[in-house]
Amino acid sequence: MTTLDHPGLEQVDEHTRARRKLSAAMDEQQRLAATYEDSIGTNREMPAYMRLREARKRVDACDKWLHWVDDEDVVPAPAGDELPLEE
């Protein structure tokens, strides 16, 4: 399991960090879903829907990150200075 060392701080378990982020994102999505439901039929409906849509994307991204962290056969991301392969 991956851990991150921070000078002056205790080790951070990346799995725990990813789970916390996912949980927070899901809580926010639930809150925004209720706000959206309350706004249906009003002039606040579209902005509420757009915020809920972004919250769903954050939940999806956090879920993918958690699965990536938990994957034992992690393939590292390429270095940022590498050029993409030509087609």
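Me: In which helix is Met50 found?
Reply: This is a predicted model, so every value here is computed from it. Helix 2 covers residues 45-70. Met50 is found in helix 2.

Me: Is Met50 buried, partly exposed or exposed?
Reply: Buried means under 20% relative accessible area, and exposed means over 50%. Met50 has 35% relative accessibility, so Met50 counts as partly exposed.

Me: What distance separates the C-alpha atoms of Met50 and Leu32?
Reply: These two residues are 18 residues apart along the chain. Their C-alpha atoms are separated by 9.8 Å.

Me: What pattern does the protein chain follow along the sequence?
Reply: The protein chain has two helices and two strands. Read along the sequence, the pattern is β-β-α-α.

Me: At what angle do helix 1 and helix 2 pack?
Reply: Two packed helices are described by the angle between their axes and the distance between the axes. For helix 1 and helix 2, the axes lie 8 Å apart. The angle is about 160°.

Me: Is helix 1 roughly parallel or roughly antiparallel to helix 2?
Reply: The two helices pack at an angle of about 160°. Angles over 145 degrees count as roughly antiparallel. That makes helix 1, relative to helix 2, roughly antiparallel.

Me: Is the crossing of helix 1 and helix 2 left-handed or right-handed?
Reply: Take helix 1 as it passes helix 2. The crossing is left-handed.

Me: How many residues of the contact of helix 1 with helix 2 are nonpolar?
Reply: The residues of this contact divide into three kinds. Three are polar and 10 are charged. The nonpolar ones number 16.

Me: Which residues does Trp65 contact, leaving aside its neighbours within four places in sequence?
Reply: The place of Trp65 is in helix 2. With a relative accessible area of 36%, Trp65 is partly exposed. Leaving aside those neighbours, its contacts are Glu14 and Ala18.

Me: What is the distance of the polar contact between the side chains of Glu14 and Trp65?
Reply: Glu14 is found in helix 1, whereas Trp65 has its place in helix 2. At 5% relative accessibility, Glu14 counts as buried. The polar contact between the two side chains is 3.4 Å.

Me: What distance separates the C-alpha atoms of Trp65 and His15?
Reply: Along the chain, Trp65 and His15 are 50 residues apart. Between their C-alpha atoms the distance is 9.3 Å.

Me: What distance separates the C-alpha atoms of Ser23 and Val59?
Reply: Ser23 has its place in helix 1. At 36% relative accessibility, Ser23 counts as partly exposed. Ser23 and Val59 are 36 residues apart along the chain. Their C-alpha atoms are separated by 8.5 Å.

Me: Is Ser39 buried or exposed?
Reply: Ser39 is found in helix 1, residues 14-39. Buried means under 20% relative accessible area. At 1% relative accessibility, Ser39 therefore counts as buried.

Me: Which residues does Ser39 touch, not counting those up to four places away in sequence?
Reply: A polar atom of the Ser39 side chain lies 2.9 Å from the backbone oxygen of Tyr36. Beyond four places in sequence, Ser39 touches Arg44, Glu45 and Ala48.

Me: What percentage of the residues of the protein chain count as buried?
Reply: The protein chain has 87 residues. Those that count as buried make up 16%.

Methods
Residues numbered from 1 in each chain as written. Predicted model: local features only at pLDDT ≥ 70, side-chain atom pairs only at ≥ 80, totals over all residues. Heavy atoms only, no water. Helix = DSSP H or I, 4+ residues; strand = E, 2+ residues; numbered from the N terminus. Buried < 20%, exposed > 50% of the residue type's maximum accessible area, 1.4 Å probe, protein only. Polar contact = N/O pair within 3.5 Å; in protein donor to acceptor, adjacent residues only side chain to side chain. Contact = heavy atoms within 4.5 Å. Axes fitted to C-alpha atoms, helices over the stretch in contact; angles between N-to-C directions. Parallel < 35°, antiparallel > 145°, perpendicular 65-115°, else oblique. Left-handed = near helix turned anticlockwise from the far one by under 90°. Nonpolar A, V, L, I, M, F, W, Y, C, P; charged D, E, K, R; others polar.
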